[in-house]
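Thank you for asking me to look through this model with you. My remarks are set out below as numbered points, to be read with the structure open beside them.

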Amino acid sequence: MSIITFDHVSKAFPGTRKGAPVAALDDVDLEIQPGSIVGVIGYSGAGKSTLVRLINGLEKPSSGAVTVLGTDVGTASANELRSLRGRIGMIFQQFNLFTSRTVRGNVAYPLKVAGWKKADIGPRVTELLDFVGIGDKADRYPRALSGGQKQRVGIARAIAANPELLLADEATSALDPQTTGEVLALLKEINRRLGITIVVITHQISVVHELCDQVVVMDGGRVVDSGDTYRVFAHPRAVLTERFVAAVTQGVPTGDTLAALRTGGGRLISVDVNEFTSEDIAAVFEEHGVRHTVVFGGVTDIQGRQLGTLTYRLQADAAAVEAAASELATRTRAELLADTAKTGTEAAS
Ligand code: ADP
């Protein structure tokens, strides 16, 4: 049973100055399962904010159906949408805290709105502030907090009334890398410990890389790639996905880097590391008696699995190199980079 379903959803806005309508979303299909952490990634204008506004019922689809926590957003009444929003927590890039209320006051606010008893609110707020790691800041005002601390208040407020779904809209885009890592770790803990489904809207692939088990890649209002994060990263189905992935893995050497590597002799081969791991690659070289040294590239970890591209310098006779390269090519992408077999073996011997 999905927690969010988009069924052929399009959303058009009137164009400016009597221009053609803007298709913010174009035939989007989406299914988000309870308990998952899903990253929606795309550049500015891809339609991400529109997607969020449909999920929390601030907009209705122009066509198609949006179902969130069992509510049909397109046909729901204002009351039904309000009650839906009560089951969804939101965190924002600019935190959106009340500057005139203390940390405690900010976190208490949604509980008051939800009709909690005063006697229950105090202990709940204390528990939340401890959970997000700012128990000692309860009586401070937001202006006295760092960005990371403000976002912790935002997170405490968002989960205060036990939402089933948490929407994070560019929640780490205003934070430095260290603080971003801490906030992502907190979101992961919220998902694992409280079982809250999280949808993260971002333009940062590093956020998807570190946090999400599912990813939806958006471009021009369309979903161009989606699925299990490892699958999408390891086997991109869209050029845009390749571009995002290239930012977290080092690809194939080019230009001056490649020219410099070529002067070192041997033959260069660039091999993708995926389900076929770096250990598997080494085993193939060894089986063919090929000496191999990594000279460029990198391997990163996604959900405990290797992903990346490694470039090796190979030293062996041409036949052994060719045999190893052909065997690798049946298992993963493997490309001999420069036809320097002769000079390579000469340099090697
Ligand atoms: P993102 O969040 O990925 O930057 P948006 O959902 O904000 O993308 O926007 C998608 C497209 O829809 C953009 O071209 C944007 O200009 C347009 N758009 C979004 N909201 C409106 C609106 N209320 N009125 C007119 N155009 C809009």
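1. With which residue does Asp136 form a salt bridge, and how far apart are the closest N and O atoms? The partner is Lys137, and the closest N and O atoms of the pair are 2.9 Å apart. Please keep in mind, here and in every later point, that this is a predicted model.

2. For the chain as a whole, the secondary structure comes to 13 helices and 14 strands, and the C-alpha atoms fill a box of roughly 80 × 50 × 40 Å when it is taken along the principal axes. The chain has 349 residues, of which 48% are buried.

3. The domain assignment divides the chain into domain 1, residues 4-247, and domain 2, residues 250-348. The C-alpha centres of these two domains lie 41 Å apart, and where the domains meet, 10 residues of domain 1 are in contact with 9 residues of domain 2.

4. The size of an interface is often given as the accessible area lost when the parts come together. In this model, domain 1 and domain 2 bury about 810 Å² between them, and 56% of that area is on carbon and sulfur atoms. On the side of domain 1, His209, Tyr230 and His235 supply 66% of the area buried against domain 2, which is more than any other three residues supply.

5. Turning to polar features of this interface, there are 8 residue pairs in polar contact between domain 1 and domain 2, counting pairs with both residues at pLDDT 80 or more. Helix H8, residues 229-234, gives the most to the side of domain 1 that touches domain 2, with 4 residues. Sorted by class, that side of domain 1 has 5 nonpolar, 3 polar and 2 charged residues. The rule also finds 1 salt bridge across the interface. Asp228 and Arg305 form a salt bridge too, with their closest N and O atoms 3.7 Å apart.

6. Side chains of opposite charge can pair when their charged atoms come close. A search of the whole structure finds 14 salt bridges, and one that a student may like to inspect joins Glu189 and Arg193, with an N to O distance of 2.7 Å. Both residues lie in helix H6, residues 177-194, where they are 4 residues apart, about one turn of the helix. Glu189 counts as partly exposed at 30% relative accessibility, while Arg193 is exposed, with a relative accessible area of 57%.

7. Is the salt bridge of Arg231 with Asp225 formed by residues that are buried or exposed? Arg231 is buried, with a relative accessible area of 17%, and Asp225 also counts as buried, at 3% relative accessibility. The closest N and O atoms of this pair are 3.2 Å apart. Elsewhere, salt bridges that share partners join Lys11, Arg53 and Glu59 into one network.

8. Most residues other than glycine have a negative phi, and most peptide bonds are trans. Two residues therefore deserve a look at their backbone. Asp27, which is placed in strand E2, residues 22-32, has a positive phi near 55 degrees, and it is partly exposed, with a relative accessible area of 35%. Asn162 also has a positive phi, of about 55 degrees, although it is not a glycine. Asn162 is found in the loop between helix H5, residues 147-159, and strand E7, residues 165-169, and it is exposed, with a relative accessible area of 52%.

9. Which residues does Val248 touch, leaving aside those up to four places away in sequence? They are Ile205, His209, Phe233 and Thr300. Val248 itself is found in the loop between helix H9, residues 239-246, and helix H10, residues 255-262. The C-alpha atoms of Val248 and Ser44, which are 204 residues apart along the chain, are separated by 19 Å.

Definitions and conventions:
Residues numbered from 1 in each chain as written. Predicted model: local features only at pLDDT ≥ 70, side-chain atom pairs only at ≥ 80, totals over all residues. Heavy atoms only, no water. Helix = DSSP H or I, 4+ residues; strand = E, 2+ residues; numbered from the N terminus. Buried < 20%, exposed > 50% of the residue type's maximum accessible area, 1.4 Å probe, protein only. Domains from an automatic or database assignment. Contact = heavy atoms within 4.5 Å. Buried area = accessible area lost by both parts, 1.4 Å probe. Salt bridge = Lys/Arg side-chain N within 4 Å of Asp/Glu carboxyl O. Polar contact = N/O pair within 3.5 Å; in protein donor to acceptor, adjacent residues only side chain to side chain. Nonpolar A, V, L, I, M, F, W, Y, C, P; charged D, E, K, R; others polar.
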